[in-house]
Amino acid sequence: MLTSDDYILVETKLIELVTPQASPRQFVAANLPEWIAARLTEGLPPVLLVQAALRLCEEDGYNASPPSMCTFLLNCFPLRPEFKAICDKIRTPPPALPPPADPFDAIMLSNKLPFLGRLAVRAHLRALMQNSPPRPVVVIKGLGGAGKTYTTELINHICRTHTDIVPCHIEVPKDQGISVGPADLARDIVLQLGGDVDKMPAQQTNADRWAQELAIWIVNTAQKSGFKHWIVLDGFNKAELRRDTLPLIVKLSLQLTRGMASRSHRLILTDFDHTSLPIIPGNIAIETIPGLGKAAVAEFVTQLLAAAGRQEDAPAMIAGVTEDFADPIQDLRELGGRLNDLIELIG
Amino acid sequence: MAAPLSTGDLLAELRRRTAARESLSLDESSYFYLLAASVLHVFNPAQLKPWLPLAKPVDPLKALLDSTVPAVGWRHLALRTLKVEERRSALRFLWNLGGRQMMKSVLTINSTVVRTQVQTVLERWINGDHFDLASMNYDELIGLGQVYDWGIGDFGGLPERDKFEEALRRRSAVSVFEHLVDAEFTGRDRELQVLRDYVGVVSPSIWQRLRSFYGLESKPPLVLWGPGGVGKTALVGKFLLEHVDAPESGWFPFAYLPFDSESLDIQQPFTILIAACDQLTAQIEGGSGPNNTASAAVSSFKRLVEVYRDERAQLQERANRGGRLRGAQRAATEQSLYIAFANLLNRIGKAASSQQSASNVPVLLVFDTFEEVYYRLREDLLGFWRMLETIQANFPALRVIIAGRGRPNPFTVNRQAPIECPLDDLSSSDAVHLLTILDVPQPDAVAIYRQIGGSPLMLRLAARVAQSEKTSGGIQDLETKKYWLFNVAPQVIRGKLYQRVLDHIHDPDIKTLAHPGMILRRVTKEIIRDVLAPVCGLGHISDERADSLFEGLQREHALVSLEQDDALRYREEVRHPTLLLMMEDRPALVRELQEAIITFYEMRPPSLSERAEEIYHRLMLKQDERWLQGRWLPGIDRYLNSAIDEVGAEQQIWLAQRMSIELPSETYVRADLASWERLIGRRALETLRVGDALAALAILGERKERTPESPLFAMEARAHLALGHYEEAARLLDSALDDYPAMGNRGRLAEILWFRSQAAWQMGEASTSGFLDQLIDVCETLTSSLSVVQALAQKLEVLGEKNAGDLRERLAAKLMTLPLAEIDKEQSLVRFALVQLGENYPRTVTSLISPLSSEVMRRLKSTKLDPVELGKLVGLLPDSNRALLSNPSDAADVFAAASTQPTPGSVRVIIELLASERATLAGADLAGLEPYREPWEFASLSEAMS
């Protein structure tokens, strides 16, 4: 329901609000719809409590009116205009395009972001649902802006349907890869898996073995969570990847493709040099995103406007959305922004 | 409800929002926050104070949301960091406003500063500190690197960027083996000189004159070997440290590759090359001139690795272009990669030469902990030796040091035997010197040396004991001689020393458990609670107590390391000697614990690591084979590598039938036929995997007799077929079929029939069809439909267009029964089958094409189809499909248009495009036979017998 940016704002503010409460769980439960509150796990620290509450609201989707997410946010922040604005955005369900039977085929995600084309990426991700996929590691490449990171929106959407899968997304900020060492990466992954970051193994041994211990710590945390996890490491390309962080990613790829962990958890790497992975050839699904053809965008806009009863506007809107773009369109982030605007504007 | 926007208004609003996104600018309040944040590496927006007081308060998180990102590694504290371009511009503003002083004053506004390494470096710069690159450790250099990226270098006060990059390169190289560096390294002058001579290092005075290494003609590997603890790794570390930064005697690029690292797989030599490439890259990247050339060579090598991976993946597929020559093609693909690596080393050597204005710089590969792979079948190491041979033949200045326990099995590289350098104990003077460095008083050191000899590991253990006990006259109560004459085995003495070290563990319960725990190799909280505590006299303990004992044991880093599944594993160098001691001193306890742990594991759901432990303990108890029956799981062999030396000869034979272990030749001679087949079969499979069919036949020919259902028939046939010996293959298989038991393994029978049909087909015999008919009948009785799909598809290929009868109907029906997992696993076979099925089965094609599409399109993207042929296919597309076509000259696009909404008309195009792969099943094994195979076949299966 929430876009990535809105989610960050919401999560951060909720953590700030909940942490100092005498009883964080009681506070959160009191502000959630009853049927959601009843499903809140006990004993979670504030950060995980907030994440759990948000996840439950996302799963509930548009089952209630207003949606549980709106109820929760407005109860917690009754006077904050930015949260009212977020609620206004998510209050109505996405346009009534013919829903696909399979969330992997969705062109309209539950957060009203469009996700067009990318058949190959969808196929690779769908294959990860198998117990023992032949290609358990997926690497997505492409030019900047071509939608590698955008793929996480599809993964989030899938996880809203397959609620036994919890995504974990770590993105390297541009030009800041040098600050992301193995400990930083491991800590953030474990946090998103619901683990205790204070239990990180100290570096008592050589760098290679420590990377191994960190990878094991991550996998152990994932196993104990009771969920399946899709771990997305985004942007660890040659320019950003630190030399001492690479062994951790290598070890993690091996740990996640062996033993019991390989039945539950998956690794998706965007913008990563897969030639550094010592995984048997044929066991990595590699996809280079070529950009999106304007024809596909045109078809989507036409469907969208038809669903809103404004099919006569299609030619103008297609032109408006795709102007200044080459064909195929490479800047999918901007395209996504324009399509999202259109969806909001036509209601 | 607001009225809907008109078309014009809608468009205008869209454009307005697009423009707003493109020109995001901050208001004044937000900018004040930005400036405050610019001197903070990471910060909590909720606690951030603005640079100047605000007229109207704003939420800092909202204000800076678009200018910041979550700080990786700090999410648990909800910290964020500025985007680099925002920070650069803010810092420049502050610098222009008032230089360092201004930044210092901004820094004081926020007193809660998170002290990261980057923050520390930034503040040092703000304070005007001088940066001495040579004295900065790796973390400090990394911090400095981030500060450079923020544009601070433009303001002066930092070392030149080039010098920083070089310092970071050096430190990266050191960090790879830093753990090996032993501050108390003593002696080994002779061995160090051996290493210097091997690599071609000259004395500093000669280096100053010649600036060249010497003797860079091809040399075989140098093998350093000796018992555990004798100091092989420390010696390597000392040598590398001497030369990683040695302007006075020259440095050389190197890669340190330990085989106890999970990332290296000796059966997959490419894993070694990519690890080496990554390390070497760090040492030469950056800079201009030859460094640039070396960087270009690295990029080129990486591209080749990508091609190699693709080619190998394709050759692994059941239906591919390679046909019966796929094994040879695989070997050729490997060779290309090795030659590419040699070229890379050449460039790297040149870059290193240029950087130090020298010539003839070698490149060194150090393979450590080789004992991890020594025990394996020599066939498993074939690929590795071949790799070294090829690389060295193309880059003679390659130097290879192999370090491991135990003398290696004989091997050659380019027909040269290795140079051996066995390591003995330290001399008396060096041993005593080491002890004194470790704070043992001189007289005690002499006495201790006389007790325990010169093994560095034992000397260190003794020094640890000496820290807690009085050691005048030596270590008290340490028996080193039996009956005053015979020396107690060094292992035993070591075990006793470890025991003494363990005696100093603080918590009595942990002390009680730590020692016997070593019998178990692997310890978890449940094992502590359910096995160790009861057997060791702690009785029933609660879950909480088990947790705290586990955590206490985990803190003993010298003893244990954390493994997967939250288990602790005892370090072998500690465990082994202590175990020997316990087996001698307390055999009843050892037995009791082993039996208890077997019972514990028996009741657990299967996991690889736990099943491996169960099997280990059964082998240690020398249990009869019937107790081991059915307990093996594929993949547990890697957990049992370290057990091989511990178990008896019979148990080693049992293991060798399931995993790769080199046994003495007399073992093979004495083995019964069935055991011999398992032992030899593995070796032959591995040889086939590396493409040496002749060698496989030689191995298989060591005995002529076979069990009636022998797996070796298929292997031998496969080798003959790969060599084009069709008649030999046919004779062999006819003989196998004649004696095949009526109630025998159906999968093996199918495999024999498959290869017999292949032999007949290659010889153009009419009997091909008959054999395929028999095969189809047998395959109908097998578990998976993949076998019969393959058999039917092959028959259709053999028959061509004539006399297909109902074969296509049967094939279509079988294809429709395949579960998605099998389609995904055998995509090449399904594609091949669809081609044989043809265009008249649109329902079958339509239902199967979706899971195949992404792979087909990927292949078509790299395939150059004849434009005229492609044009004809486009012409065949119905209008509805052609409307979806964006690029008619792109085969992948044509396929996408044909398959996105398949129509009967577009199915023909789909089939034609699939057929362009020109795949064949020649040289392939039969699919779907996994349930009929033995565990040892799976290790090399996917490549030897695809």
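**View 1. Pairing of strands S4 and S5 in chain B of the predicted model.** Strand S5 of chain B spans residues 363-368 and is joined to S4(B) by five bridges. The two strands run parallel. Within this pair, Phe254(B) stands opposite Leu364(B) of S5(B).

**View 2. The open sheet of chain B.** Five strands make up this sheet, in the order S4-S5-S6-S3-S7, and their pairing is parallel. In general, strands of a sheet pair through backbone hydrogen bonds, in either a parallel or an antiparallel manner. The edges of the sheet in chain B are strand S4 (254-258) and strand S7 (419-422). Each edge strand has a single partner strand, so one side of each has no neighbour in the sheet. From one strand to the next, the twist averages 15°.

**View 3. Helix H11 of chain B across strands S4 and S5.**

**View 4. Packing of helices H37 and H39 in chain B.** Helix H37 (residues 807-817) and helix H39 (residues 827-837) of chain B pack at an angle of about 145°. Their axes are 10 Å apart, and the crossing of H37(B) and H39(B) is left-handed. On the H37(B) side, the contact is made by Arg808(B), Leu811(B), Ala812(B) and Leu815(B). H39(B) contributes Val830(B), Ala833(B), Gln836(B) and Leu837(B). Sorted by class, the contact of H37(B) with H39(B) has six nonpolar residues, one polar and one charged.

Terms used
Residues numbered from 1 in each chain as written. Chains lettered and ligands numbered in written order. Predicted model: local features only at pLDDT ≥ 70, side-chain atom pairs only at ≥ 80, totals over all residues. Axes fitted to C-alpha atoms, helices over the stretch in contact; angles between N-to-C directions. Helix = DSSP H or I, 4+ residues; strand = E, 2+ residues; numbered from the N terminus. Left-handed = near helix turned anticlockwise from the far one by under 90°. Contact = placed C-beta atoms within 7 Å. Nonpolar A, V, L, I, M, F, W, Y, C, P; charged D, E, K, R; others polar. Pairing = 2+ DSSP bridges.
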